[in-house]
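Here are a few exercises to work through with the model on your screen. Try each task yourself before you read the solution.

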Amino acid sequence: METINITVRVDKETKRDFDTFCENVGINATAAVNMFIKAVLRTRELPFMVTDSGEQEKRAYGVRAVEAIKRMREASAFTGNSDLSLNEINAEIEAARQEARMQ
């Protein structure tokens with residue numbers, strides 16, 4: 001298969017650190033970049049999440065809300081009360097949001 005060159009600009013320190021990493025794991029930079037490209041093509045996605053900070057913050061709130069609901073379910077299972085009111089759920093979500101704002 002014919003090969004072509006790809007030129008990528010990075011700062012000197014980043015390139016040095018990347019070369020050192022590659023050497024430590026027994027490959028060179030070309031092999032590492034080829035592995036990255038093939039992984040992207042195989043999975044049809046980047047091998048890491050790319051988000052803006054606003055979306056990341058929204059996900060964090062969502063995770064906290066889900067955790068709050070799980071805690072409520074666990075508490076209700078413990079007490080034998082399996083019915084959660086909408087007000088109770090909303091109160092837990094609001095508490096999680098307030099906690100997140102304070103951090």
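**Exercise 1: an aromatic ring**

Work out whether Phe-48 is buried, partly exposed or exposed, and find its ring partner.

*Solution.* Keep in mind that this is a predicted model.

Step 1. The relative accessible area of Phe-48 is 48%. Buried would need under 20% and exposed over 50%, so Phe-48 is partly exposed.

Step 2. Now look for ring pairs: there is one aromatic pair in the count. It joins Phe-48 to Phe-36, with 6.4 Å from centre to centre and 15° between the planes. Planes under 30 degrees apart count as stacked, and this pair is stacked.

Step 3. Phe-36 belongs to helix 2, while Phe-48 is in the loop between helix 2 and helix 3, so the pair ties together parts that are twelve residues apart in sequence.

Step 4. Phe-36 has a relative accessible area of 34%, so Phe-36 is partly exposed.

**Exercise 2: the overall layout**

Step 1. Finally, look at the contacts with a separation of 6 or more: 30% of them are between residues 24 or more positions apart.

**Exercise 3: charged partners**

Find the salt bridges in the structure and say which residues form them.

*Solution.* Step 1. Start with the idea: side chains of opposite charge can pair when their charged atoms come close. The structure holds two such salt bridges.

Step 1. Take Asp-19. Its salt bridge is with Lys-15, and the closest N and O atoms are 2.6 Å apart. Both residues lie in helix 1, four residues apart, which is about one turn of the helix.

Step 2. See how open these two are. Asp-19 has 30% relative accessibility, so Asp-19 counts as partly exposed. Lys-15, at 38%, also counts as partly exposed.

Step 3. Move on to Arg-16, whose side chain meets that of Asp-17 in a salt bridge at 3.5 Å, N to O. Asp-17 is partly exposed, with 41% relative accessibility.

**Exercise 4: the largest pocket**

Say which helix gives the most to the lining of the largest pocket, and what kinds of residues the lining holds.

*Solution.* Step 1. Get the volume: the largest pocket comes to about 740 Å³. Its lining has 18 residues, and the closest to the centre are Ile-6, Ala-29, Thr-30, Val-33 and Asn-34.

Step 1. Sort the lining by helix. Helix 1 (12-24) and helix 2 (29-43) each supply at least two residues. Helix 2 gives the most, with seven residues.

Step 2. Sort the lining by type: ten residues are nonpolar, five are polar and three are charged.

**Exercise 5: a methionine in a helix**

Step 1. Compare sequence and space. Met-72 and Ile-89 are 17 residues apart in sequence, and their C-alpha atoms are 7.7 Å apart in space.

Terms used: Residues numbered from 1 in each chain as written. Predicted model: local features only at pLDDT ≥ 70, side-chain atom pairs only at ≥ 80, totals over all residues. Heavy atoms only, no water. 1 Å grid on protein atoms, 1.4 Å probe; cavity = no way out; pocket = protein on both sides within 12 Å on 5 of 7 lines; lining within 4 Å. Points joined across faces, edges and corners; volume = space filled by probe spheres on them. Nonpolar A, V, L, I, M, F, W, Y, C, P; charged D, E, K, R; others polar. Phe/Tyr/Trp six-rings, centres within 6.5 Å; stacked < 30°, edge-to-face > 60°. Buried < 20%, exposed > 50% of the residue type's maximum accessible area, 1.4 Å probe, protein only. Salt bridge = Lys/Arg side-chain N within 4 Å of Asp/Glu carboxyl O. Contact = heavy atoms within 4.5 Å.
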